[in-house]
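User: I would like a close look at one part of this model, please. Could you start with one residue and then show me what lies around it and elsewhere?

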Amino acid sequence: MTPRPVLVALLLIPVLGLIRVESGCASGTGSQRFSSQARVGGAGPATNANHTFSNEKGWVVSLERANITLGPVYLNVIEPLSDSSASLFDFFVRPAWAHGEGHLDAGRIVGEVLSQVTFDALSNEPVPFPAPGTITQEQVRTAEIWFYPEPGVAADTTKIDTVALDVAGVATRAGDSVRFRGQIVLNDDWIADQTDGQRGNQSITGIRKVRGVPTSFFPTSGGQLELRVDVTRLFRGADFASLEHSPTDKDGTKILVQKQSTTQNRDQVMTNLYQGLHETTGTYSVVWGAP
Amino acid sequence: MHGPRRFALFCLSAPLLGIALLPALAAAQVPEQSATGVIPPQVEQRQDPEYPRGEPSMKSVDVELLVTIDRHGDVTDVAVAESGGQLFDEAAAQAVRTWKFAPARRAGVPVASRIRLPIHFAPSAPALAVPDPVPTLPTPGATPVARVESNASSHQTGAPQLAPEPAREILVRGHSSLPSRGASDYDVNIGRLAQVPHGDAASLLRLAPGVLLTNEGGVGHPYQIFLRGFDAREGQDIEFTVDGVPLNEVGNPHGNGLADTHFIIPELVQHLRVVEGPFAPQQGNFAVAGSAAYDLGVPTPGFTAQLMAGSFNTKRLLLMWRPPASSDHTFGGAEVFSTDGYGQNRAAERATAMAGYETSLGQSASLRLLATTYAAHYGQAGVLRLDDVQAGRKGFYDTYDTTQGGDSTRHSLAATVDGRSGGMKLSQSMFLVLRDFRLRQNLTGFNQDPQQTWQSLHSQRGDLIDQQSGTLTLGGRGSARQKWKTLRQTQELELGYFGRYDRVDATQKRDRAGTTIPYRTDLDLASGLTNVGVYVDASLKPLSWITVRGGVRADFYHYQVTNRCALTTQNSFGGDPLDTECFSSDRVGYRSAEQTASTSASIFQPRVTLLLGSFQGFTVSVSHGRGSRSIDPQYINQDLKTPFAKVDASELGVLYQRAFRALDLSARSVFFQTQVDKDLFFNETEGRNTLADGTTRTGWAGNVRATGGFFDLAANLTLVKATFDDTHLAIPYAPGLVARVDGVIFGDLPLGLSGSFGSGVSYVGKRPLPYEEFSDTTFLVDIGASLRYRAISVGLISTNLLDRRYRLAEYNYASDFGSQDYPTLVPARHFAAGEPRAIYGTLTVLLDGQEAAP
């Protein structure tokens, strides 16, 4: 008996069956990547009708202006750091990326919005980022909000013009009223005490990043990234009485000072604004919303 | 001219390769039929030599010739073994060159052969009789001799006659094949397919099914090889040997198991055996996807000089020679090559010299020596981001970093003694290899240099990875094979060993952008690695149509690895100098920056193949085997239990082979599955392979080869599904479909010309990429044509004839080359550009015995 028909079948049938491999029945590699829109807006009491709120120092603050320029924004799979500043471990071991540059290998970026946007933090109407972002379909656990210079300016340029925060308003307490205005520019005013050769965990690019903002979502195609900024958190501990000796405009408006000099210290309100801008919990919320 | 058109020595003038091999065996291994051994060649047409007219002495003279006959029955070489004087030698040789034979056959398959042919010149004697020798099976390197009874008869011709002495010798030339391991054992007979442009020795692998070659590193960078769903990178999953000398580099920082085949002059490749899967006990370390064994030699004596020039200012000078009356393993070859490359930063230069020598040691043994030397220096374009090219920020053939490139040197000596003692075939070889390697590549741009607390303030200094290694390899292998008859069948048993020691110095540093100034040490290892393998291989035939082949192999691996920079991150409470790279303190206190780890382990690897047939040309094979791959020294910890990856492979195949009157046909169909417990994948951020978890590949491979008097055609198709064992997600980068067709037509033309035309067509299906994406498909056509007149041949080659702009390699990972407004940190598509259409011309001068004769 010749086995030829059987053997011919063995030669040919597998071709038909395994063509399925190329026909798309192969499994994927996981974590689809897609483009998505992103937008940012204000949140919290500052977005109410009169933009008025109280802070921990008893001041009632009415904001007339609160513009923020931020971007790019990144999404990370790494868990946020717990607030462990009082732990014995952290006392001995410097946090991996508290305020400085951080470790790129601490986590993995799975989403990014590579554009910059200026928006009114007193409005809860979201403003879209000028360019869509890219995201891969993985669980996002933290966000990074960068306050980089405008496009075309190198990230480590120390003298920049980009205003990260521009605020103006009136603070009142027990009959005292202080009109104020101020701008935060993330330049070398904030790391003026750093000199070459000194070890430090703050670099000029480091202070322009807020890393480890907690969030939790699994992005799906068709959704969009929504970032909210509660500007009231920036004034949480501001004591406007410290502006007594601050420079003033002709109309008596106190000018917030960020640059330390021999004749003028950085004021406490400005320091609070800077700390609030870099606060990972409270100031920012990042969610994945429906289209 | 006899029979169909064919060329005697023409293929030596084929562009680029110029390989002219004597196809000693058919394209596929087949199990020996109920053996009648070798049928010697039979004279079909002859012209008797004439007594030289210029010879006045009118004496009787004997001349003995060594006549080489190819598988088509043509005389391809005539050498004088015993001279009877110049005039008689020339008269005998001139006549015998016109003879036509029925070729020698082994198991029904035509094979090349060489016979000793005594010619007796007598002034008035008749009769020229043709010997009818008894065949013997060849042994590698040895010269079997069979004394036969001559039944030569004489008749009245007035012409010289053969000596009446009955003793004849017959040598069945060429490659003496190792036992077949089934349908995935490809004894690649290059033959006329040398006319199809291949370019280098690695490209010859494409004649076996399922092989895909890519190269993101340029002309001097080793190929990245895909086989049966394995991304073998630069050779980590394929065991490469050249005349038994291992190529895979243990501990290479770019990839453990890297095999650089650029030092091999492709025209010196006489034979290539590819076994897909770990099914032969002789296969050792790195034979995970399979093994590729190159045998070097020059099939015909003579002198070859070839000049090639063409696109991208490419130039190549090739010189080869083989002395007359020598074996094909006695040769010299040298090559100098340079090119500007097909885009930015792709220039390359290399030079190779190879020499072989083979001589008999007494009656039953031979000694073969091989020496090689090689050096190369090349630029490397690396990869580009697809979004940069699409936005016009970069051209398709541009580069981000012109400091990328590499250097490579390799120097080796090897000696092999083959012999017979009684019925036992013996082989012993030793080798010494000195190798230096350097590679600079930047795959991620500027995102792998974060500010660390123990560093001076800095911005991203660049991700240029600078890998270097220096290796000394010393080793040997040996075997003893015995045959005997039982149940009226031939049974065989082989015992063998392999030993290898590697001393490797490997470093990886990061260089500042645009310079070769290191700013950080990633890796600094000094390793001593020993591998000893022993095996038993049996070939048992209980019946004529049942063959069981296989046995067991045991491999022992020993590592001693000194990490000269064991601690690269600050793990102390401070006090280290700023910018320390290799820390000498931790939380306990002071420690040496160096640390040594050692371990050893062994693995037993059963391998078996069942062959059923042949049934009217059909043979069924079932194989199962276990293989291993030593792991990278950087992963060695003290007393690590299993310093190797283990692979289990199985396959079921059918092979068909038949020699018709004007056509030799072979076809095969193979199911396969391979599982690896610790796989290796390229990590773009580290610039080298890193360990991953278990993976499985399942697929099918098919192959057809048809050879006739004026054509040679081969077609391959491989389908494979490769997945991770835990997630069952597809393995990125491994192609699911690879197809290749090679074809050549050749023949004689008017005016004494002869010509050939060859074409190779490749198709690679979409490859899975990370993030649920797929690469583009690839479709390429290469052609080659040549014309020969006497000793001169001119040729024309075009690769990528359709001038397709294609992505040779594609990846998805994060990089930042500063080409956008802000750092991009999300994985993006990257690619290495494939070569555009190239055209080369060749001029070859071939002087062989015919041309040399006045």
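What is the relative accessible area of Cys582(B)?

Analyst: Cys582(B) has a relative accessible area of 28%, so it counts as partly exposed. Buried means under 20% relative accessible area, exposed means over 50%, and partly exposed is in between (1.4 Å probe, protein chains only).

Before going on, here is how to read the model. This is a predicted model, where local features need pLDDT of at least 70 and side-chain atom pairs count only at pLDDT 80 or more, while totals for chains, interfaces and linings use all residues. Residues are numbered from 1 along each chain as its sequence is written, chains are lettered from A and ligands numbered from 1 in the order in which they are written, and side-chain values use heavy atoms, leaving out hydrogens and water.

Now back to the cysteine. Cys582(B) forms a disulfide with Cys565(B), with 2.0 Å between their sulfur atoms; the term stands for a pair of cysteine sulfur atoms within 2.5 Å. Over all chains, the structure holds one disulfide. Both cysteines lie in the loop between β29 (546-563) and β30 (595-615) of chain B, so the pair ties together parts that are 17 residues apart in sequence. Helices (H or I, at least four residues) and strands (E, at least two) are DSSP runs, numbered from the N terminus. The torsion about the S-S bond of Cys565(B) and Cys582(B) is about -105°, so the disulfide is left-handed.

Let us step back to the whole chain. Chain B has three helices and 46 strands, and 63% of its 854 residues count as buried. Its accessible surface comes to about 29,800 Å², with 57% belonging to carbon and sulfur atoms; such areas come from the Shrake-Rupley method with a 1.4 Å probe, and for residues only the protein chains shown count as cover.

Two strands pair if DSSP finds at least two bridges between them. Strands of a sheet pair through backbone hydrogen bonds, either parallel or antiparallel. Ile238(B) stands opposite Gly290(B) in β17(B).

Strand β16 (residues 269-276) of chain B contains Arg273(B). Arg273(B) counts as buried at 10% relative accessibility. Its side chain makes a polar contact with the side chain of Asp185(B), at 2.3 Å. A polar contact is a pair of N or O atoms within 3.5 Å; within protein, one must be able to donate a hydrogen and the other to accept it, and residues adjacent in sequence count only if both atoms are side-chain atoms.

Finally, a quick look at the other chain. Chain A has three helices and 15 strands, and buried residues make up 48% of its 291 residues. Helix α3 (residues 268-277) of chain A is mostly covered, with seven of its 10 residues buried. Among the buried ones are Val269(A), Leu273(A) and Leu277(A).
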